[in-house]
Amino acid sequence: MTEQPPKTALPDNSSDPIRVMVVGESANVSGLVYDILESDRSINVVTRAPNGTAAFIRLKRSVVDVVVFDIGMPKTDGIKTLPKFFEAEDDIMIVMISTLTFSNVKLSMEGLLAGAADYLAIPM
């Protein structure tokens, strides 16, 4: 895996909300993330996707600044999806979410090395 620098710059126009895509198989977790993000007036969740494959398709159809996704999705996990996101949108910011299991901590570190800006632990 080629190391990529993390994408950490957001749009300069502070009057426009940050456009976010939320990706996750768990309706409970993605719903919670959606609710938290939408409660901030400076953030607009513009689309949601149930897995990495659907997220990549929606990325082509939506203007997105930040993608927040669960890295442990079985259909197309976040680590496999990261290069596709960066190929499609070289200035996109990726924030991974994950449960705190040993395997997902390892995936989180791989994602950071692949260019993700950060990761957040979610409760199980």
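Two strands count as paired here if DSSP finds at least two bridges between them. With that in hand, here are the close-ups of this predicted model.

**View 1. E1 alongside E3.** E1 and strand E3, residues 66-70, run parallel and are joined by four bridges. Met21 sits opposite Val67 in E3, and Val23 has Phe69 of E3 as its bridge partner.

**View 2. E1 alongside E2.** Now look at the pairing of E1 with E2. Strand E1 covers residues 18-23 and strand E2 covers residues 43-49, and the two pair in the parallel sense over six bridges. Met21 turns up again, this time with Thr47 as its bridge partner in E2. So what holds neighbours like these together? Strands of a sheet pair through backbone hydrogen bonds, either parallel or antiparallel.

**View 3. The whole sheet.** Five strands line up in the order E2-E1-E3-E4-E5, giving an open sheet with parallel pairing. At the edges are E2 and strand E5 (118-122), each of which pairs on one side only. From one strand to the next, the twist averages 25°.

**View 4. H1 on the sheet.** Helix H1 packs on the sheet and touches E1, E2, E3, strand E4 (93-99) and E5. Its direction makes about 160° with that of E2.

View 5. How many helices and strands does the protein chain have? There are four helices and five strands, and from the N terminus on they follow the pattern β-α-β-α-β-α-β-α-β. Of the 124 residues in the protein chain, 41% are buried. Take the contacts between residues at least 6 apart in sequence: 69% of them join residues at least 24 apart.

Conventions
Residues numbered from 1 in each chain as written. Predicted model: local features only at pLDDT ≥ 70, side-chain atom pairs only at ≥ 80, totals over all residues. Heavy atoms only, no water. Buried < 20%, exposed > 50% of the residue type's maximum accessible area, 1.4 Å probe, protein only. Contact = heavy atoms within 4.5 Å. Axes fitted to C-alpha atoms, helices over the stretch in contact; angles between N-to-C directions.
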